[in-house]
Amino acid sequence: MINHAIALDMRKRPGTVPQRVTVRRGETQTQKVTAALSADGTAYTPTYQSARLCVLHADGTWARCSATVGTASVSATLAPEAVNGVGKCRLAYFEFYNANGASETTEDFALVILGSVDGSGGQSEDYDNELDALRREW
């Protein structure tokens with residue numbers, strides 16, 4: 001399993017450059033995002049132990065994946081719904097919550113989902129550029 005280690009602050013500051021995680025569409029259950037958590041640079045363990053990764057895809061669809069809270073960290077294995085789009089996600093962050101509706105979130109990070117080969121079409125045939133060039137010259 002590939003682990004993408006990032007660091008996220010609980011304080012959201014405008015103008016910060018988000019950290020980037022890049023995966024390929026269809027890489028389900030093989031990509032894990034682990035974030036070291038801080039609040040103003042000091043290690044931070046969330047108040048609430050229920051967590052999820054929230055993703056807003058480029059096409060406007062949402063995905064929420066369960067996450068595991070550790071000591072000053074959180075991690076989530078990307079489920080199929082998290083990597084079913086292509087492009088830079090509009091939004092990605094971790095949310096910590098309780099049953100009463102209270103929640104806190106991390107700053108955003110950039111989640112980029114690369115395209116994958118679509119195997120539904122026909123297979124390509126061998127092609128030689130040199131023969132094509134010779135044909136044009138002749």
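The points below take up a strand and its sheet, a histidine, and a pocket.

1. Please keep in mind throughout that this is a predicted model, and that the remarks which follow describe the model as it was computed.

2. I would begin with strand β11, which covers residues 110–114. Four of its five residues are buried, so the strand is largely enclosed by the rest of the structure.

3. Which strands pair with β11, and in what sense? On one hand there is β2 (residues 20–24), which runs parallel to β11 and is joined to it over five bridges; within this pairing, T22 has V112 of β11 as its bridge partner. On the other there is β8 (residues 87–88), whose pairing with β11 is antiparallel and extends over two bridges, with G87 bridged to I113 of β11.

4. Taken together, these strands make an open sheet of three strands in the order β2-β11-β8, and the pairing in it is mixed. The edge strands are β2 and β8, each of which pairs on one side only.

5. Is H57 buried or exposed? Its relative accessible area is 1%, and because buried means under 20% on this scale, H57 counts as buried.

6. The surroundings of H57 can be listed, leaving aside residues up to four places away in sequence: H57 touches A63, E81, A82, V83, N84, G85, C89, R90 and I113.

7. Finally, the largest pocket holds about 200 Å³ of space. It is lined by 17 residues, of which T16, P18, E107, D108 and F109 are the closest to its centre. The elements giving two or more residues to this lining are β1 (2–9) and β9 (91–97). Sorted by class, the lining of the largest pocket comprises nine nonpolar, two polar and six charged residues.

Conventions: Residues numbered from 1 in each chain as written. Predicted model: local features only at pLDDT ≥ 70, side-chain atom pairs only at ≥ 80, totals over all residues. Heavy atoms only, no water. Buried < 20%, exposed > 50% of the residue type's maximum accessible area, 1.4 Å probe, protein only. Contact = heavy atoms within 4.5 Å. Pairing = 2+ DSSP bridges. 1 Å grid on protein atoms, 1.4 Å probe; cavity = no way out; pocket = protein on both sides within 12 Å on 5 of 7 lines; lining within 4 Å. Points joined across faces, edges and corners; volume = space filled by probe spheres on them. Nonpolar A, V, L, I, M, F, W, Y, C, P; charged D, E, K, R; others polar.
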